[in-house]
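Subject: Structure handover

Dear colleague,

Here is the structure for your files. My notes on what was found follow below.

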Amino acid sequence: MQNQFDIAVIGAGAAGMMCAAVAGQRGKKVVLIDHATRLAEKIRISGGGRCNFTNLQAGPQHFVSNNPHFCRSALSRYTPQDFLSLVKRYRIAFHEKHKGQLFCDQSAEQIIDMLKAECEAGRVAWRTPCKVETIGKDGDRFRLDTNAGTIHAASVVIATGGLSIPKIGATDFAFRIAKQFGLKLVDPRPGLVPLTFDIATWEPFIPLSGIALEVDIETGEKKSRTHFREDLLFTHRGLSGPAVLQISSFWDSGKPIMLNLVPETDIAETLVQGKTTLKKNIGNLLPQWLPSRLAEGLLVANGIRPDARLADMPDKTLRRLGESINRWMIVPNGSEGYRKAEVTRGGVDTKELSQQTMMANKVPGLHFIGEAVDVTGWLGGYNFQWAWASGTAAGLSV
Ligand code: FDA
């Protein structure tokens, strides 16, 4: 019975390979299907080619979802230490870079090879490249019509990810299947993405492109304000860098973001107090806190001559300058979109799924895992940890 399986996993990315390997190693007959010719392209390009494969601190607080508690069960049953044990078993050298983020020393390919070997150990059957045209039901089994023939399976796991980076094979397959079976979606939007500004707002900042500095960044109303301290990068079209990627997953269209370009110093207070003691021009003072090019740009934006003597400057002008450095409010006009987004926010509504098994409550046998689900991690290895954990949750239950 060549095309009869216990489980058909669609999408051989991070979550799909993990799920197939776990289910296969439990003795289940598993087929893993992907439309791409190259497997797991997102793992390959992740972390600048070194794959930030987990984060030692990963917990439910590092995920964005309409139901922040949904991810708790899977994350606690498959932890960063569990994935790390697997990495160590395969003797893949790794290092911690920043805030618990673990990267391969050599190459993301090692993680792909490890997952492939885990699938081999579970005798997983591969169908790649293979396009699933339709999914239907024959009695209580699923029927998958593909361009390589029909496959029957007792359970189906949808692991086709989100919409980000269509040029390497992202599709809306998971969302179409969810809709077909009557499951609700939380509006998908680009996440972990650079933010853009209209031309008039951004023109004065274009010459600052390439400048990077550590900042505080926040967005949201008082009660639900989100804050990060990370590096900011000025680009030709707007703002990027970890600070902006992080805040983009919390930013709502039309709302401002607020930046503190010098988090440790109250610039207005320091300048006003220093009028009698700091005997310098303002243009010579600011570079002790800010990159010189950015300091010059901020003086121009505030209509202040760099050769103005601090002692001669009105307090009001200094307070305005301080405000633009410590509390810079700016409203993005959008983002760089799925072309550049590392993830998709939103997805299959978690209310539709069991948090233990990832199965759809009203469609027995149909599961959704990984990025297709409305669980989006912060930048820093959290999204892969969700892929491993949700893949394992489904792999253990199917
Ligand atoms: P994933 O996208 O990995 O896999 C989906 C699979 O489904 C693909 O193989 C695709 O070909 C297949 N597919 C899609 N549509 C299909 C269809 N219709 N039929 C059949 N197959 C289909 N995260 C992290 O934690 N650390 C990091 O370092 C990075 N770095 C990073 C860099 C860049 C540039 C991006 C774009 C993203 C990251 N991420 C990341 C995010 C991370 O890559 C992402 O969250 C996971 O890969 C999601 O895993 P999934 O298995 O859910 O989807």
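The largest nonpolar core has 115 residues, and A8 and C19 have the most contacts inside it. A nonpolar core here is a set of buried Ala, Val, Leu, Ile, Met, Phe, Trp, Tyr and Cys residues joined through C-beta atoms within 7 Å. Buried means that 20 or more other C-beta atoms lie within 10 Å of the residue's own; 12 or fewer is exposed, in between is partly exposed, and C-beta atoms are placed from the backbone. Helix 1 (residues 14-25) gives the most to this core, with 9 residues. The core lies between domain 1 (4-190 + 343-397) and domain 2 (195-335), because both give residues to it. The domain bounds come from an automatic or database domain assignment.

This is a predicted model: local features need pLDDT of at least 70, side-chain atom pairs count only at pLDDT 80 or more, and totals for chains, interfaces and linings use all residues. Residues are numbered from 1 along each chain as its sequence is written.

Two residues other than glycine have a positive phi: I165, at about 60°, and M358, near 70°. I165 lies in the loop between strand 10 (149-158) and helix 6 (173-180), and is partly exposed, with 19 other C-beta atoms within 10 Å. M358 sits in the loop between strand 19 (343-348) and strand 20 (366-368), and counts as buried, with 33 C-beta neighbours inside 10 Å. Helices (H or I, at least four residues) and strands (E, at least two) are DSSP runs, numbered from the N terminus.

The peptide bond from T128 to P129 is cis, with omega near -15°.

Regards
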